[in-house]
Amino acid sequence: MAITILTALAAPREVGLAIDKVVQLLFAVAALLAYARRRDGWMTAAMTSLTVALSAWIWGQQILGVQLPTTTIAPLGFTLVPVLCLAAVVVRAQQRRADDLLPNYRSRTVVVLDGLIVIGSLFVLTWVSALESLTRAWATEGPGFATVVAHPAAYLVLLVAIVVMSWTHQSVRQWPMLFVALAGVAQSSSGWVFAFYISKGITAIPASADIGFMLCPAFFFLSALAPARNLEPSSGRMRMADLLHLLVPYVPLAITGLFVGWNTATGGRLNPVEIYVGILVVCLVIVRQLLTMMDNIRLMDQLRVSREQLRHEATHDPLTGVANRSLFRDRLERALAVRDRSRPLILLFIDVDGFKAVNDNYGHAEGDIVLRNVAARLENSVRPEDTVARLGGDEFGVLVDGGDADDIGARLLDALAHPHQVHGRVHHVHASIGVAQRFSYDPTVTADEVLGAADAAMYTAKRLGKGMVVVHGSPLPEMT
């Protein structure tokens, strides 16, 4: 391609143009065959349109001698290429990954809004600077010039779509799309230069203006050959994507605003097109901001729910759903730290008698159901402010602030004595309950001592025949 460009620049104009167009056609055909082999329908259609457009252009300009801008199907074919490529980019973006940003429908709406904001800002910028004079020339040059302007503008839309989608879609952030974007840059650059010459009535376009046209099919060919690897993005790249996604609607709008401000400050006047498009872009930014704020609120709510779930999982038994040993110990320590205690603090240590037989005879799955039933019955037998915990295996703890230890123990024994029906089988389990009580604040008594006293009382209940409650107000006698 470098040799072709140098040859086209150095050779006589007619020879250089012939070499230029023939080489473009060869690369377009090569890209068409490569994409057809990969079974990429949209890109194959785009390369077919490019091949047809180049063929019609060569036939009209080099053989028939049609004056520019040509009225053949060539401009239409050139304009369809970026449209078909845009469809290919959208299809590729649907191949989502778990690490893509903004996976929901609202996020896709934000991406569309970002593209419209960038396109609107570019429109105002180019309208103020050059496009207005070109369209005035088009009005006197015939309908053929419409496609001459639409062609590079369509490539700008394609570039904006690729850039915006690449920030949020890993599938677009790949080598093939990079070469498609480079092809768009090359074709659009030469397209605007070509449109400028046509607007000035110049039909003998210099060979240097065709460099982008020559590079475009070559980049398309490279995009067909480039590997699309499913690589994991680095954390730094994702953080940069977050930053770009945050800034995308505001940077082009700010640049356009500064440009328009400078233009009016130096004596320029805004016409209705610039005003209305500018207002539309500002409205799009406001809508985009509202959607972003709604997403932020939703994400904060999801974060709050996730934190609550993590906190619950860290402090509760995963099998039964009641508090685990850590949470039970923490609440016991806080209860022991109450200085002005007016009601007794009651700790019940419960061992399920007969549970081992259920596990051994019917399996752990059936035993787990019995444990869940035991936990549910314990919770239903005490107040909501009391704490029920699974301390390990078939051992449970209940912490009650206030009440009569004998009455509470009897109520729990009665609740656990009812049979458990699991998968059509009836299981009879009972409980041995040890109770430790504290009637006043004592800084020398620790949670371990109270737990140890209740545990020792429970073993006393088992020695005395199981299925009973043993109450001890002080942990020391049981510990000794």
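Is Asp386 buried or exposed? Let's look at a few close-ups to find out. This is a predicted model, where local features need pLDDT of at least 70, side-chain atom pairs count only at pLDDT 80 or more, and totals for chains, interfaces and linings use all residues. Residues are numbered from 1 along each chain as its sequence is written, and side-chain values use heavy atoms, leaving out hydrogens and water.

**View 1. Asp386 sits in the loop between α14 (364–380) and β2.** With a relative accessible area of 9%, Asp386 is buried (under 20%; exposed is over 50%, partly exposed in between, with a 1.4 Å probe and protein chains only). Helices (H or I, at least four residues) and strands (E, at least two) are DSSP runs, numbered from the N terminus.

**View 2. Asp386 meets Arg383 through a polar contact between side chains, at 2.9 Å.** Such a contact is a pair of N or O atoms within 3.5 Å; within protein, one must be able to donate a hydrogen and the other to accept it, and residues adjacent in sequence count only if both atoms are side-chain atoms. Beyond its neighbours within four places in sequence, Asp386 is in contact (heavy atoms within 4.5 Å) with Leu399, Val400 and Asp401.

**View 3. Five strands form an open sheet in the order β2-β3-β1-β6-β7, with mixed pairing.** Strands pair if DSSP finds at least two bridges between them. β2 (387–392) and β7 (469–472) stand at the edges with a single partner strand each, so one side of each has no neighbour in the sheet.

**View 4. β2 pairs with β3 (residues 395–401) in the antiparallel sense, over 5 bridges.** Here Ala389 has Gly397 of β3 as its bridge partner.
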